[in-house]
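Here is a short briefing on a single protein chain. Look over the sequence and the fold before reading on.

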Amino acid sequence: MLVWLKALHVIAVISWMAGMLYIWRLYVYHAMEQEQVVMDRLAIMERRLMNYITTPAMIVSLASGGAMFWMNHAYYLSQPWMHLKLTLLFLLFGSHGMASAHRKKLLVNPRVKPPTFYRVMNEVPTLLMVGIVIAVIVRPWAR
């Protein structure tokens, strides 16, 4: 059962990260766009990406990861690398929440933030992912 949960978790995380990496890039294009018809098309793409891929993948990642954690919580709680992973994961949830909030803000005002803001935010999920992968695979401070 555990290996199936791990497989599901990895698949869901890959899908979640694909969405997180793409959504911020769409926002860069949205904030730079001048034509309303293109902004409308970007808004549809953003909504579909968040509602049909990114958020469901996050939920499956959370459910499968939570199930694995629950199955072996005493071990995981004793591991410093897991504390680092959970901290970075919490920040990734924050990035997801910000992406969701900015999608709604862009609908009201496409110039709510400059494109450079979205370019910077596009790097945040990547950096968090790198930290999470290092925490899980390299396991710094493992006992």
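Two residues are in contact when heavy atoms of theirs lie within 4.5 Å. By that rule, and leaving aside neighbours within four places in sequence, His96 is in contact with Trp16, Met20, Met50, Thr54, Thr55 and Met58. The model is a predicted one. The chain has 5 helices and 0 strands.

**Overall fold**
- Read along the sequence, the pattern is α-α-α-α-α.
- The C-alpha trace spans about 55 × 30 × 20 Å along its principal axes.
- The protein chain has 143 residues, and 36% of them count as buried.
- Among contacts with a separation of 6 or more, 77% come from residues 24 or more positions apart.

**Helix H4 and His96**
- H4 covers residues 80-108.
- Its 29 residues should span 42 Å at 1.5 Å a residue, and the end C-alpha atoms are 43 Å apart, which agrees.
- The buried residues of H4 include Trp81, Met82, Leu88, Leu89, Leu92 and Ala99.
- Charged side chains are on that list too: Lys85 and Arg103 are buried residues of H4.
- Cover for the buried residues of H4 includes H1, H2, H3 (73-77) and H5.
- His96 sits in H4.
- Is His96 buried or exposed? His96 counts as buried because its relative accessibility is 5%, and the cut-off for buried is under 20%.

**Helix H5 and the residue after it**
- H5 runs over residues 115-137.
- Its 23 residues should span 33 Å at 1.5 Å a residue; the end C-alpha atoms are 34 Å apart, so the two agree.
- Tyr118, Met121, Asn122, Pro125, Leu128, Gly131, Ile132 and Ala135 are the buried residues of H5.
- These buried residues pack against H1 and H4.
- Arg139 lies in the segment after H5.
- Arg139 is not a glycine, yet it has a positive phi of about 50°.
- Arg139 counts as partly exposed because its relative accessibility is 31%, between the limits of 20% and 50%.

**Nonpolar core**
- In soluble globular proteins, nonpolar side chains tend to be buried together.
- Here the largest nonpolar core has 23 residues.
- Which members touch the most other members? They are Trp16, Ile23, Trp24, Tyr27, Leu92, Ala99 and Tyr118.
- H1, H2, H4 and H5 each give two or more residues to this core.
- H1 gives the most, with 9 residues.
- Trp24 touches Ser95, Met98, Ala99, His102, Phe117, Tyr118, Met121, Asn122 and Pro125, not counting residues up to four places away in sequence.

**Largest pocket**
- The largest pocket holds about 810 Å³ of space.
- It is lined by 28 residues, and the closest to its centre are His9, Val13, Met68, Lys85 and Val136.
- H1 (2-32), H2 (36-71), H4 and H5 each give two or more residues to the lining.
- By class, the lining has 21 nonpolar, 4 polar and 3 charged residues.

Methods:
Residues numbered from 1 in each chain as written. Predicted model: local features only at pLDDT ≥ 70, side-chain atom pairs only at ≥ 80, totals over all residues. Heavy atoms only, no water. 1 Å grid on protein atoms, 1.4 Å probe; cavity = no way out; pocket = protein on both sides within 12 Å on 5 of 7 lines; lining within 4 Å. Points joined across faces, edges and corners; volume = space filled by probe spheres on them. Helix = DSSP H or I, 4+ residues; strand = E, 2+ residues; numbered from the N terminus. Expected span 1.5 Å × (residues − 1). Buried < 20%, exposed > 50% of the residue type's maximum accessible area, 1.4 Å probe, protein only. Core = buried A, V, L, I, M, F, W, Y, C linked by side-chain atoms within 4.5 Å.
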